[in-house]
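Biologist: I am new to this structure and would like a careful, close look at a single part of it. Please place that part in its surroundings as you go.

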Amino acid sequence: MSGNLMAIIKQIAIVKQLDQDKVAEIIEDSLYQSISKKLSEENELKIVANFASNSITANFYKIVVENDFRLGEISLEEARAKYDPAIELGEKVYVKIPIHDFEPKVIKNARKSIQERIKKLEEDRIIFDYE
């Protein structure tokens, strides 16, 4: 899914004569703003949009807790089963989650921001070309 998204964004950047790095920066920042609302500072969120590998991932630490209720948490049982049998409560587990695995509301908010900022970037390019 994110592979198709990155290919489409790359094509849009070429057609509209926009800098791919700026477009990737807009995507990363918009997704960061949307996803970070669901996480805390200690989760250390980083969004990676990579045109070369056609992927967008959210990389962050999940905190090991008894029962997980938030995005930035992972239950002790799940952490031991998936990552490390010796992991303890309060430790962190580094995860890379593809963007398509997030809830639609988070993606919808990010998409709106991305559209607005790309439109602004396009307007700035047109004004620059006109001048």
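Biologist: Which residues does Pro98 touch, not counting residues up to four places away in sequence?

Modeller: Setting aside residues up to four places away in sequence, Pro98 touches Ile56 and Thr57, where a contact means heavy atoms within 4.5 Å. This is a predicted model, in which local features need pLDDT of at least 70 and side-chain atom pairs count only at pLDDT 80 or more, while totals for chains, interfaces and linings use all residues. Residues are numbered from 1 along each chain as its sequence is written, and side-chain values use heavy atoms, with hydrogens and water left out.

Pro98 lies in strand β4; helices (H or I, at least four residues) and strands (E, at least two) are DSSP runs numbered from the N terminus. With a relative accessible area of 26%, Pro98 is partly exposed, a class that falls between buried, under 20%, and exposed, over 50%, using a 1.4 Å probe and protein chains only. Pro98 and Ile47 are 51 residues apart in sequence, yet their C-alpha atoms are 9.8 Å apart in space.

Strand β4 pairs with β2, residues 55-65, in the antiparallel sense over seven bridges, pairing being counted if DSSP finds at least two bridges between two strands. Within this pairing, Lys96 of β4 is the bridge partner of Asn59.

In soluble globular proteins, nonpolar side chains tend to be buried together.

Helix α4 has Val106, Ala110, Ile114, Ile118, Leu121 and Glu122 buried, and its buried residues pack against α2. An α-helix has 3.6 residues a turn, so residues three or four places apart point the same way.

Stepping back to the whole, the protein chain has four helices and four strands, which follow one another along the sequence as α-α-β-β-β-α-β-α. Its radius of gyration, taken over C-alpha atoms, is 18 Å, well over the 14 Å that the globule rule (2.2 Å times the number of residues to the power 0.38) gives for 131 residues, so the chain is more spread out than a compact globule. The C-alpha trace spans about 60 × 25 × 20 Å along its principal axes, and buried residues make up 35% of the 131 residues.
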